[in-house]
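Q: Could we go through this structure together, starting with the terms and then moving to particular places in the chain?

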Amino acid sequence: MRSRLRASVLLYALLLSASFAASAVQAGSTDAELERGLSGVIAAIEANQTELALQRVEALIANHPNFRLAHLICGDLLLARARPLRTFGNVAKTVPREKVEGLREEALARLRAARARPATDRLPRYVLQLNTEQKHAIVVDSGLSRLYLFENVDGRPRFEADYYVTLGKRGVEKTREGDQKTPLGVYRVVATLPRQKLSDFYGSGAFPLNYPNAWDKLMGRKGHGIWLHGTPPDTYSRPPRSSDGCIVLSNPDLESVGRYLQIGLTPVIITDRIEWSDAAALDRERGALARAVEAWRADWESRSMERYLSHYSQRFHSQSQDYSAWVKHKRKINALKSWIKVRLTDIAMFRYPREGDFVVVSFDQNYRSNNLSNTLHKVQYWAKENGGWKIIYEGAA
């Protein structure tokens with residue numbers, strides 16, 4: 001019976017191998033605890049210790065009674081006592097096969113994330129610079145169904161924890177209302193919705209994002225209501241592709257992540273696959289862009305319109321003007337200035353996913369001149385053109 005059981009659960013060794021042990025993250029992360037539990041189950045299966053495997057999966061279920069993947073594994077292990085397992089999820093034919101496939105995809109997503117875990121010296125290429133007020137940043141890897149949380153250490157990201165997430169049923173790159181896709185881009189948390197104001201479907205709460213952002217609107221992307229939220233009380237986690245576009249975490253994980261979120265500040269970068277880099281390369285990229293931003297600021301102060309306008313792409317748009325209208329407007333305004341002083345603080349820089357050399361820069365701008373003084377929170381989109389950085393969008397954040 002032991003040899004039959006071992007042969008019949010080889011699929012589990014492939015799907016949920018001891019690689020889960022490598023996925024442990026900081027203490028306190030529910031995903032880390034859960035995936036260590038799965039690792040223990042699979043380690044016992046690989047050692048042909050079937051009773052120990054059952055004990056461990058039953059303990060996992062006791063701690064997480066609504067974790068359906070663990071229930072499925074437990075059922076398969078019990079069934080293997082009587083007959084060989086021929087597939088993942090040997091459930092009654094009355095159970096919809098798509099539900100079993102969803103659990104299988106969850107198992108694979110968790111394993112892929114474990115195998116793709118970056119070395120400790122690798123950093124997400126998207127987080128070039130955090131401002132002093134942004135305590136944390138989030139990067140979502142849709143290909144791995146994984147959310148990575150980073151702490152701000154002197155403006156640089158430092159890995160804090162990671163979590164399994166569910167995304168849109170039809171994948172990523174949202175373009176219209178109701179397409180059941182998750183957007184790709186650089187967003188921020190703009191509100192918190194407590195459990196008491198929501199239906200049970202959203203679990204322990206929700207954190208709306210600012211989709212569509214300024215760039216989405218320029219690109220004609222439609223839709224709204226993209227949130228980070230939890231799961232219904234009877235569900236621990238959902239399959240990797242089963243939301244209507246939102247980013248869904250288990251309720252304990254949402255509560256864990258939620259402690260770090262700052263309304264209006266925390267960046268959430270959603271990508272199809274994270275590009276990892278090293279600190280030296282990020283420093284070079286950040287330095288080059290910082291010099292371009294400073295040159296733009298200094299040339300604005302100089303009141304030389306040719307130098308100032310040289311920083312703008314002919315593809316430029318503001319919230320209401322194209323390049324030609326912008327140039328005409330700026331020349332008219334500049335003619336009334338005898339002096340200009342511009343100070344930039346709290347600068348943040350985030351590379352945009354899937355757009356090549358394309359970066360979102362935000363900052364607080366203190367502007368003074370002979371006839372106007374104001375302070376704005378501004379956002380700009382910079383793109384590489386002919387080897388140099390150019391502004392293609394500018395507006396109030």
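A: Helices (H or I, at least four residues) and strands (E, at least two) are DSSP runs, numbered from the N terminus. This is a predicted model, in which local features need pLDDT of at least 70, side-chain atom pairs count only at pLDDT 80 or more, and totals for chains, interfaces and linings use all residues. Residues are numbered from 1 along each chain as its sequence is written, and side-chain values use heavy atoms, with hydrogens and water left out.

Q: Which strand holds P194, then?
A: P194 belongs to strand β8, residues 193-194. The C-alpha atoms of P194 and F207 are 8.8 Å apart, and the two residues are 13 apart in sequence.

Q: How accessible is P194?
A: P194 has a relative accessible area of 34% and is partly exposed. Buried means under 20% relative accessible area, exposed over 50%, and partly exposed in between (1.4 Å probe, protein chains only).

Q: How many helices and strands are there in the protein chain?
A: The protein chain has 11 helices and 19 strands. Of its 397 residues, 53% are buried.

Q: What share of the contacts is between residues 24 or more positions apart?
A: Among contacts in the protein chain with a separation of 6 or more, such residues account for 63%. Contact here means heavy atoms within 4.5 Å.

Q: Switching to helices, how do α4 and α5 cross?
A: The axes of α4 (residues 50-63) and α5 (residues 68-79) come within 9 Å and cross at roughly 155°. Axes are lines fitted to C-alpha atoms, for helices over the stretch in contact, and angles run from 0 to 180 degrees between N-to-C directions. The helices α4 and α5 are therefore roughly antiparallel to each other. Angles over 145 degrees count as roughly antiparallel, under 35 as roughly parallel, 65 to 115 as roughly perpendicular and the rest as oblique.

Q: And which residues meet there?
A: From α4, the residues are A53, L54, V57, E58, L60 and I61, and they meet A70, H71, I73, C74, L77 and L78 in α5. By class, the residues of this contact comprise 10 nonpolar, 1 polar and 1 charged. Ala, Val, Leu, Ile, Met, Phe, Trp, Tyr, Cys and Pro count as nonpolar, Asp, Glu, Lys and Arg as charged, and the others, Gly among them, as polar.

Q: What about the backbone: which peptide bond is cis, with omega near 0°?
A: The bond from Y211 to P212 is cis, with omega near 0°. P212 sits in the loop between β9 (205-208) and α7 (214-218).

Q: What is the phi of D154?
A: D154 is not a glycine, yet its phi is positive, at about 55°. D154 lies in the loop between β4 (146-153) and β5 (156-164), and its relative accessibility of 69% makes it exposed.

Q: And R354, what is its phi?
A: R354, also not a glycine, has a positive phi of about 60°. R354 occupies the loop between β16 (340-351) and β17 (358-369), and at 46% relative accessibility R354 is partly exposed.

Q: Is N131 buried or exposed?
A: N131 is buried, at 5% relative accessible area, in the loop between β2 (127-129) and β3 (136-141). Apart from neighbours within four places in sequence, N131 contacts N152, D346, I347 and A348.

Q: Last one: where does G264 lie?
A: G264 is in the loop between α8 (251-258) and β13 (267-271). G264 is partly exposed, at 37% relative accessible area. Neighbours within four places in sequence aside, G264 contacts R188, V189 and V190.
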